[in-house]
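Let us walk through this structure, starting with its overall layout and ending with its local packing.

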Amino acid sequence: MMDRRTAIKHLGGAASALLLTETLRGEAALNGQAAAAPPPAPPTGPFKLPALPYAYDALEPSFDAETMHLHHDKHHQAYVNNLNVAVAAHPELAGRTLEDLVVNWASLPEAARTAVRNNGGGDANHSFWWPTLGKGSTAPMGELAKAIDAKFGSVSAFQDKLTDAAMHVFGSGWAWLVKLPDGTVAIESTPNQDSPLTAGHEPVLGIDVWEHAYYLKYQNKRADYVKAYFNVLNWDYVSGQFAQKA
Ligand code: MN
């Protein structure tokens, strides 16, 4: 039988490189040296980063393409990766949906709780958020228009109140318009990546006020970013979603 080194000589390209790597690892192990293992890649599932439902520059100039790339491809991806790592470390969580994990994080095993709360929340909040952005109608429609009028009196009064909530989030978090179990709407804010779903409140729309959402373009001017948010709020989509769930 040919030995490995002779075999490598007879092979070409990638196959020989692979065999050589394997051979060297084997030799290192025999010599009592630790084989240099590459850092483990995060699991690729069960949770996946959803594609943006529009081009990265679709929300220009309000939300710039570079921020969208970082926000979606790096920040949202990190929540997904970290959630997959947490779930892989806790086999008892296998098969549970993202919403189930986000709603019930407080009753999870303690060792998984914080990772699922932060990263499950981060995945859920961003996955919810991307489709609520876009360009279209400048005002709510149908049932959502009625619910906003009933609660706030007018769309502009609602926008003032949501802006106020967004400006008063201390540190990182979100300001939301939610639908309460009685069918009415309300404004609330959540710290960090907590989701309104945990309290049984259905998000209708929201503003991500983490600095990663705006610092590149707006620096410390959160008010300008919040103003810009209303230019890219996809009222057609959020009104349609609200009517569907009515
Ligand atoms: Mn974010």
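From the N terminus, the order of elements is α-α-α-α-α-α-α-β-β-β-α-α-α. That gives ten helices and three strands. The model is a predicted one. Of its 246 residues, 27% are buried. Among contacts with a separation of 6 or more, 64% join residues 24 or more positions apart.

H3 spans residues 65–89 and H5 spans residues 110–129. The two pack at an angle of about 140°, and their axes lie 8 Å apart. Their crossing is left-handed. H3 contributes His-76, Tyr-79, Val-80, Asn-82, Leu-83 and Ala-86 to the contact. From H5 come Ala-112, Ala-115, Val-116, Asn-119, Gly-120, Gly-122, Asp-123 and His-126. By class, seven of the contact residues are nonpolar, six are polar and one is charged.

Now turn to H6, residues 142–152. Which of its residues are buried? They are Leu-144, Ala-147 and Ile-148. These residues cover an arc of only 95° around the axis, so they sit on the same side of H6. The face turned away from that buried side carries Gly-142 and Ala-150, both exposed.

What do the buried residues of H6 pack against? Their partners are helix H7 (155–167), strand E2 (185–191), strand E3 (202–208) and helix H10 (235–244). After H6 comes Gly-153, with a positive phi near 95°.

Notes
Residues are numbered from 1 along each chain as its sequence is written. This is a predicted model: local features need pLDDT of at least 70, side-chain atom pairs count only at pLDDT 80 or more; totals for chains, interfaces and linings use all residues. Axes are lines fitted to C-alpha atoms, for helices over the stretch in contact, and angles run from 0 to 180 degrees between N-to-C directions. Helices (H or I, at least four residues) and strands (E, at least two) are DSSP runs, numbered from the N terminus. A crossing is left-handed if the near helix is turned anticlockwise from the far one by less than a right angle, and right-handed if clockwise. Two residues are in contact if their C-beta atoms, placed from the backbone, lie within 7 Å. Ala, Val, Leu, Ile, Met, Phe, Trp, Tyr, Cys and Pro count as nonpolar, Asp, Glu, Lys and Arg as charged, and the others, Gly among them, as polar. A residue is buried if 20 or more other C-beta atoms lie within 10 Å of its own, exposed if 12 or fewer, and partly exposed in between; C-beta atoms are placed from the backbone. The arc is that of the directions from the helix axis to the C-beta atoms.
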